[in-house]
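Dear colleague,

Please find the structure below, together with its sequence. My notes on what was found in it follow.

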Amino acid sequence: VNTGITVQLVEKVLEQHSISKPYYHGGEYNGKAMVQFMTKSSDIMDALKTKIIEISESDRCSNDEVLEVTSKYKQLLSVFDGIFSKARIPSFQFTETIDNELKDFVTEGMRLWRALDLSVAPKPHAIEDHLCDQMGRLLGIGDLGEDFVEQSHQSGMKYNSRSRTIKDPIQVANCQCNWEEKDNHPLVKIKSAVVKRHSARTKRRVDENGMVEIVGISRHDEKVQKLHNDKEMFGKMHLKSHQLPLKFLF
């Protein structure tokens, strides 16, 4: 197998799904890219399967092996996406139901991991042996992430774009500081939330008491929520189809 061709093929498929290596991250895939990868993992693996099969069979493995491996990775990524989603539950929102679902996801995820003969490095080990315990002890660890780092990168790129025509570096720094101060001002955040709420579409929703209420939802939020629901349903269907093996693992 020509490794160089394979790497180029994978990177091309990733770029087609808006996943690239940002220059500010040393030319490596960052957290945002990985989130995008997990979100679109099913489509990406299908695209990779198609592209690999297009390669001359003399330069790759058999069709059966391509189908088998891409299918296994598709299942693995789907389950791990469910693990990461549940691991991001905010503090004090962790319930017994989520705990049981997370344990099932972790067990199945590690079964698929080992089925691909992947080494259990520190990170998958932490997921297998420590994640559920930490989630239960802290009642959710979603607030302990480092999303603010990625958000700072995005804000910096926005400010750089706005100040690209300014020649004086001191003036650039002053402008960017003023923009950052305004964006983080509590009153500005409240006003932005009000504008977003007023411009959003509405829908009917039944609350916990069975009462119907009208809530606002933006197109972006609606798309994200639908994607989340679809992925969660796919993950649960996968767990249900492997219910018997789960009882006898480890």
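A pocket here is an open set of points, on a 1 Å grid over the protein atoms alone, where a 1.4 Å probe fits, with protein on both sides within 12 Å along at least five of seven lines; lining residues have an atom within 4 Å of a point. This is a predicted model, in which local features need pLDDT of at least 70 and side-chain atom pairs count only at pLDDT 80 or more, while totals for chains, interfaces and linings use all residues. Residues are numbered from 1 along each chain as its sequence is written, and side-chain values use heavy atoms, with hydrogens and water left out.

The second largest pocket is lined by 22 residues, and those nearest its centre are Thr6, Val10, Leu48, Ile52 and Thr70. Two or more lining residues come from each of helix 1 (3-16), helix 2 (31-39), helix 3 (41-54) and helix 4 (63-87); helices are DSSP runs (H or I, at least four residues) numbered from the N terminus. Helix 4 provides the largest share of this lining, five residues. The volume of the second largest pocket is about 510 Å³, a volume being the space filled by probe spheres set on the points, which are joined across faces, edges and corners.

Buried means under 20% relative accessible area, exposed over 50%, and partly exposed in between (1.4 Å probe, protein chains only). Beyond its neighbours within four places in sequence, Phe80 is in contact (heavy atoms within 4.5 Å) with Met38, Gly109, Met110, Trp113 and Ile127.

Of these partners, Gly109, Met110 and Trp113 are among the buried residues of helix 5, which also include Asp99, Glu101 and Glu108. Helix 5 has 20 residues and reaches 29 Å from its first C-alpha to its last, close to the 28 Å expected at 1.5 Å a residue (1.5 Å times one less than the number of residues).

Lastly, some backbone angles deserve mention. Most residues other than glycine have a negative phi. Ser18, in the loop between helix 1 and helix 2, has a positive phi near 60°. Phe92, in the loop between helix 4 and helix 5, has a positive phi of about 70°, and Phe92 counts as exposed because its relative accessibility is 69%.
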